[in-house]
Amino acid sequence: MHRLDQATARRVAVLAQLLTAERPTGLVATVHHLTLLQVDPTAAVAPNADLVAWSRLGSAYRPADLVQAVEHDRSLFEFDALVRPIDDLPLFRAEMAAWPTWPRAKEWLEQNAAFRRDILNRFEASPEPLMSRDLEDTSVVPWQSTGWSHNRNVGRMLECLAMQGEIAIAGRRGRERLFTLAGRIHPSFDAPPVLSLEQATAERDVRRLAALGIARAKSTKMPLEPVDVGAAGEPAEVEGVPGEWRVDAAALDAVRSGFTGRTALLSPFDRLVYDRLRAQQLFDFEYTLEMYKPEAKRRWGYFALPILHGDRLVGKLDARADRKRGTFTVHAIHEDTAFDRSTRSAVDAEIRELAGWLELELELG
């Protein structure tokens, strides 16, 4: 059992997320370590995947690098709204083969077996990737939902086929996804699973812990990607925090050999802060994404960026990118505790760096 003070636990998390002074080099290697980049259409500052990559790689990163890796090199692939390294595809083949486990989705697919064949036949006949608008709705039973997907039968079928590994996202045109037969993206999609679901889950837990550094064995279920890691790593206690944690031994050894932090502006979906409870317990950092709240009820802003300084999360940046006006407007810098002169200087420098990367004029609101 490792017994860690909170500073050590924080540093393990920061180092594992590649947010120390020693920046990583190369997008694909960065995603391989992080295991994922979340795709989210919100671009109040920049799309999440790009913002997370910039936070690690700095202004040498360009969004075109991600397009190149996903659409041309095929070293990364998009699956279930997450960009992952193609080397990790075997970790998802068993899940794809078992999908759907949700009875309602399974019943809907059975009712629409002919519709499913029509869609696959259309992809077989098309040498080029297709958008949902290119496909005819021949469903027998419409998809029932209280959400945005109600009666959007083509879109729902595409989601199902992608989750089963029959088709895959070949790229994007703006926000529109382009689909094609999965085997055209990478031959591994057509190969049978080489790992059982249990083996794949265990390996994904190990990969996730290496990216997080420290996490709970069990936690609240999260959409898209868990925040817990099962039996991966080694047991740890964190001083002042109840319960048992799991820690990545390599990250812990690296921190004990030395830690040099830096200042970084993070996406609200960044994995350092994505687990809000962990952020509260280890960093004493309270955060809520307020884009869904009425403006009058927001404390920090529509899309406030968490601010990392060293091994502490010290505040939030309320800023917006206005590409039509060509400005990056800073509305407020919320300091969780008052910044000293060096912290303020480092944060200001990072804001200027972000504005420069966005190729926008910095404007103080």
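Guide: Here are some terms, each set against its rule. This is a predicted model, where local features need pLDDT of at least 70, side-chain atom pairs count only at pLDDT 80 or more, and totals for chains, interfaces and linings use all residues. Residues are numbered from 1 along each chain as its sequence is written, and side-chain values use heavy atoms, leaving out hydrogens and water.

Visitor: Why are H7 and H8 called roughly perpendicular to each other?

Guide: Helix H7 (residues 113-125) and helix H8 (residues 153-163) pack at about 75°. Angles of 65 to 115 degrees count as roughly perpendicular, so H7 and H8 get that label. Their axes are 11 Å apart.

Visitor: What makes Glu335 and Arg344 a salt bridge?

Guide: The rule wants a side-chain nitrogen of Lys or Arg within 4 Å of a carboxyl oxygen of Asp or Glu. For Glu335 and Arg344, the N to O distance is 2.6 Å. Arg344 also meets Asp348 in a salt bridge, at 3.6 Å. Arg344 and Asp348 are four residues apart in helix H13 (residues 341-358), so about one helical turn separates them.

Visitor: Why does Glu335 count as partly exposed?

Guide: Buried means under 20% relative accessible area, exposed over 50%, and partly exposed in between (1.4 Å probe, protein chains only). Glu335 has 31%, so it counts as partly exposed.

Visitor: How do you know that Arg278 has no salt bridge?

Guide: Its nearest side chain of opposite charge, Asp275, is 5.0 Å away, and the salt-bridge rule stops at 4 Å. Arg278 is buried, too. Still, a polar atom of the Arg278 side chain lies 2.6 Å from the backbone oxygen of Ile214, and one lies 3.2 Å from that of Leu212.

Definitions and conventions:
Lys and Arg count as positive and Asp and Glu as negative; His and the chain ends are not counted. A polar contact is a pair of N or O atoms within 3.5 Å; within protein, one must be able to donate a hydrogen and the other to accept it, and residues adjacent in sequence count only if both atoms are side-chain atoms. Axes are lines fitted to C-alpha atoms, for helices over the stretch in contact, and angles run from 0 to 180 degrees between N-to-C directions. Helices (H or I, at least four residues) and strands (E, at least two) are DSSP runs, numbered from the N terminus. Angles under 35 degrees count as roughly parallel, over 145 as roughly antiparallel, 65 to 115 as roughly perpendicular and the rest as oblique.
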